[in-house]
Amino acid sequence: MSLPVPTEQTHLSHPKYRADIDGLRAIAVLSVVSFHAFPDWIKGGFVGVDIFFVISGFLISSIILGSLSKGTFSFAEFYARRIKRIFPALIVVMAACYVFGWFDLLPKEYAQLGQHIAGGAGFISNFLLWQEVGYFDNLAETKPLLHLWSLGIEEQYYIVWPLLLFLAYRWRFNFLILATLILAVSFIANVSLIHDHPVLVFYSPFTRFWELLIGSILAYLVSQKQCLWTVGAHKLYAVIGTTPNPNWVRNTQSLLGAILIGLAVLLVNKKMVFPGWWALLPTVGAYLIIAAGQHAWLNRTLLSHRLLVWFGLISYPLYLWHWPLLSFARITEAATPSISIRLGAIALAILLAWLTYRLVEHPMRFGKQWEMAKILTLSLLMVALAAIGYGTFAQDGLNQRLLSQRWLGTASKYEQHSSWRDWSRCATHGLPREQCFTYNPKKLPSVALLGDSHADRIRNAIKDIYTPLGKNIIAKTRGGCSRFADLSTDNYYNLCNNFWNFALADVVASTSIETVILATYATNIIHGGKLISQAAPRNNRDGNKATLKLSAAKYKSAMYFTLGSLLLANKQVIVIVDIPELLFEPQECVAIRPYYLPGHQFREPCSIPRKVFDERTKIYHQIIAQVRADFPTVKFIDAYEYFCDEKSCHALIDGTLLYDDDNHLNKAGELYFAKKSAKQFLE
């Protein structure tokens, strides 16, 4: 069980090894691993990442400050040391993910993995994931390298912070003032933006740097043996220095820190906006524990225990290994893996972490022999991984890996959804480009299509139906905005309110628009999640992380308001009663994963039972039935009837795949819908 305690010969100053900090690392990584494996049990375990941030800020700043004070700081040596510390295990894990993905992932999944490998190699995963988050984003559990976002933030800090420290030292600027000022601005941005832009706050280095700066300020107080305050003849220090705090102060400090971390793990959960104010619990807790010193009772008895120290030493490779194993298990099982599989994944992660530490990380990191060769080799391997990853992304996931494909008719899952758009009318109507589409910008629109991404996916169908009659169509859609207008008081993101209120007002005021078509993903918003995975709500780029769940009464009220407003404006109104959702990814119907295992074959049948659809849409259809009765002049087109029979609802009809994912039509599905529904639209 024992591992060699790290020692490293370098011109950079290195703080005295503290076993209790490795023990705190163990607490952090085990919290994260437990949360990822059992999110319903260890609900706040993800705060372990915030503990890591404080530890990293403390250790890195200790090295830099110590070296600056001795006049031995070197940027080249600092970053060489970072390469030896970070690159070896990361290269091994990303390469392993790429190889396993070759045999396990379908093209779209493999393309995304390649993109994430390139992002991980460039330490920009947080920015990449930030841009991905949105209505069409796939589940977090199916991204094997999702966890590299935190590594990206740390490395970005390592780029900015050493330079600031060096300049502050050279220009004799007060370090404490500099660090406190940046911390304050970063923290204020964090708490002020968290409710309106939670995804930005979560992934942005600017709103996360304050967590690392807590550790950095502590490192300065340690190096300067700063006294926090004096009461009479008694001095209270930030940490143990030449004049240590009394034992009871150190013990209380450490115990309080442990309590704060414990409260974070117990009270914080993924439904809360985080980091925000809640992140103070784990970060301040970590500060207090480190500040108490290694001789505090909790630090020397619990955190310095050999088992925790062992986990602390392998914490970095364990963090890297655990999530890909759990994620690939989720992908392979096409569902949340069983408890036994998750326990097996954790056990395997621990074994791989130990092997990685002993056979890869430790030999590459410590010792001066062949140092330049090591750094050059690691750098070239990382560049090669980035190139391979990006190449895989650019080649759409290398379709040739598949054991078998059946591109039936226009069934290709990977065919891009066509679009028609003209930006000039968007400016005229005051909407962003992605929300406004028109077929003929030189002609006033007579038909308007309003809704979310489900409306967007039938734009071409509406065009094909109405343009032969000389009609011009304008579509105002925004993905994820699945409810109607008049819901401004609900806790949903503001862009949807603005979109619906403006779009409805614009259509009502228009004298040229005669017909208004409404289409939304109603069941998603009524139930607060997708049918395929209600346990994992979607993330929205511009708003709250969890999909808004509406009561039937609120949804009906909003629908009544919208229909009433349009009818009062003498518009013909058509409501599309939504298509069925699937319980699987439709790509499984046309491609087999590139490996031979029992049960891995084309999905047969490519459908869901009708009873599943009926149960899922029960509330929605009750609302529709009541609206039909109360608004007899509104036309309803039951789109689901084109996809369902008495026994099943189908994604593959007459050899053609009609779905792009579990709830959106592809181009073939749009053409199918247009053909089937044209007569009803024009009656």
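Reply: Let us begin with charges and rings: a charge sits over a ring if NZ of Lys or CZ of Arg is within 6 Å of the ring centre and within 35 degrees of the ring normal. This is a predicted model, in which local features need pLDDT of at least 70 and side-chain atom pairs count only at pLDDT 80 or more, whereas totals for chains, interfaces and linings use all residues. Residues are numbered from 1 along each chain as its sequence is written, and side-chain values use heavy atoms, with hydrogens and water left out.

Me: What makes arginine 82 lie over the face of tyrosine 158?

Reply: Arginine 82 is 5.1 Å from the ring centre of tyrosine 158, and the limit is 6 Å. Arginine 208 likewise lies over the face of phenylalanine 202, at 4.7 Å from the ring centre.

Me: Why is the pair of tyrosine 466 and phenylalanine 681 called edge-to-face?

Reply: Rings of Phe, Tyr and Trp (its six-membered ring) pair if their centres lie within 6.5 Å; planes under 30 degrees apart count as stacked, over 60 as edge-to-face and the rest as tilted. The search of the whole structure finds 33 aromatic pairs. In this one the centres are 6.1 Å apart and the planes stand at 75°, so the pair is edge-to-face. Tyrosine 466 belongs to helix 19 (residues 459-466) and phenylalanine 681 to helix 25 (residues 667-682), 215 residues apart. Helices (H or I, at least four residues) and strands (E, at least two) are DSSP runs, numbered from the N terminus. Elsewhere, Phe73, Phe75, Phe78, Tyr79 and Phe166 form one aromatic cluster.

Me: What makes helix 19 largely enclosed by the rest of the structure?

Reply: Buried means under 20% relative accessible area, exposed over 50%, and partly exposed in between (1.4 Å probe, protein chains only). Seven of the eight residues of helix 19 are buried, so the helix is largely enclosed. Among them are Arg459, Lys463 and Tyr466.

Me: How do you know that cysteine 589 and cysteine 606 form a disulfide?

Reply: A disulfide is a pair of cysteine sulfur atoms within 2.5 Å, and the sulfur atoms of cysteine 589 and cysteine 606 are 2.0 Å apart. The torsion about their S-S bond is about 90°, so this disulfide is right-handed. Cysteine 589 lies in the loop between strand 8 (572-577) and strand 9 (591-592), and cysteine 606 in the loop between strand 9 and strand 10 (607-609), so the pair ties together parts 17 residues apart in sequence. Cysteine 589 has a relative accessible area of 0% and is therefore buried; cysteine 606, at 6%, is buried too.

Me: How many disulfides does the search of the whole structure find?

Reply: It finds two disulfides. Cysteine 644 is joined to cysteine 649, S to S 2.0 Å, and this link is right-handed, with 105° about the S-S bond.

Me: Why is the contact of lysine 84 with glutamate 371 called a salt bridge?

Reply: A salt bridge is a side-chain nitrogen of Lys or Arg within 4 Å of a carboxyl oxygen of Asp or Glu. The closest N and O atoms of lysine 84 and glutamate 371 are 3.2 Å apart. Lysine 84 is in helix 3 (residues 75-104) and glutamate 371 in helix 16 (residues 371-394), 287 residues apart. Both residues are buried. By this rule the count comes to 16 salt bridges.
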